[in-house]
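Student: Please walk me through how to read the features of this model, one at a time.

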Amino acid sequence: MGTRRSAIDFISALRRREIVVCMVDNISGDGAIAPCKFFGRPACLPAGYLSAAIRDDIPLIVAGTTYSSGRYTHWISPPIITKEFHEQSRLHDSANRVAQLIEKRVRAHPGSWNAWSSVKVKWEICAALHQ
């Protein structure tokens, strides 16, 4: 989540039931991670926003923008309701669901996604953790 101040602001906004926007795949060097599958390979997402959604029963919504034929198209996923997952696997299941939604969009519009280098990092982090 970045700095301590940004984490406090993040949690405060959630408690006020405000919308909080996060980079769903931006892993900081010292942040907790949630394992998931991405393009069929073990990967990981940052756990902070997922843990907050689970703890405070807040729906997760994945959104993005694609560019094709000179036009930008914005998309928003249906809400991910984390309490619908089994309690023991909520973090893992939530991370997998977010990754599936991103993967679906990337497969549909691979040229519009500019985070291929971050996927490599996620795969490497996950591989290192499982050695």
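**Reading the model**

Tutor: Of the 131 residues in the protein chain, 33% are buried, where buried means under 20% relative accessible area, exposed over 50% and partly exposed in between (1.4 Å probe, protein chains only). This is a predicted model, in which local features need pLDDT of at least 70 and side-chain atom pairs count only at pLDDT 80 or more, while totals for chains, interfaces and linings use all residues. Residues are numbered from 1 along each chain as its sequence is written, and side-chain values use heavy atoms, with hydrogens and water left out.

Student: Which residues of the largest nonpolar core touch the most other members?

Tutor: A nonpolar core is a set of buried Ala, Val, Leu, Ile, Met, Phe, Trp, Tyr and Cys residues joined through side-chain atoms within 4.5 Å. Here the largest one has 24 residues, and those touching the most other members are Leu 45, Tyr 49, Leu 50, Leu 60, Val 62, Val 98 and Ile 102. At least two residues come from each of α1 (4-15), β1 (33-38), β2 (41-46), α2 (48-56) and α3. The most come from α3, which gives six.

Student: What is the geometry of the pair formed by Phe 38 and Phe 39?

Tutor: Rings of Phe, Tyr and Trp (its six-membered ring) pair if their centres lie within 6.5 Å; planes under 30 degrees apart count as stacked, over 60 as edge-to-face and the rest as tilted. The structure has one aromatic pair. Phe 38 and Phe 39 form it edge-to-face, at 4.7 Å centre to centre with 80 degrees between the planes. Phe 38 is buried at 7% relative accessible area.

Student: What does Glu 103 touch?

Tutor: Contact means heavy atoms within 4.5 Å. Leaving out residues up to four places away in sequence, Glu 103 touches Phe 38, Phe 39 and Gly 40. Glu 103 sits in helix α3 (residues 90-108) and is buried, at 15% relative accessibility. A polar atom of its side chain lies 2.7 Å from the backbone nitrogen of Phe 39.

Technical notes:
Helices (H or I, at least four residues) and strands (E, at least two) are DSSP runs, numbered from the N terminus. A polar contact is a pair of N or O atoms within 3.5 Å; within protein, one must be able to donate a hydrogen and the other to accept it, and residues adjacent in sequence count only if both atoms are side-chain atoms.
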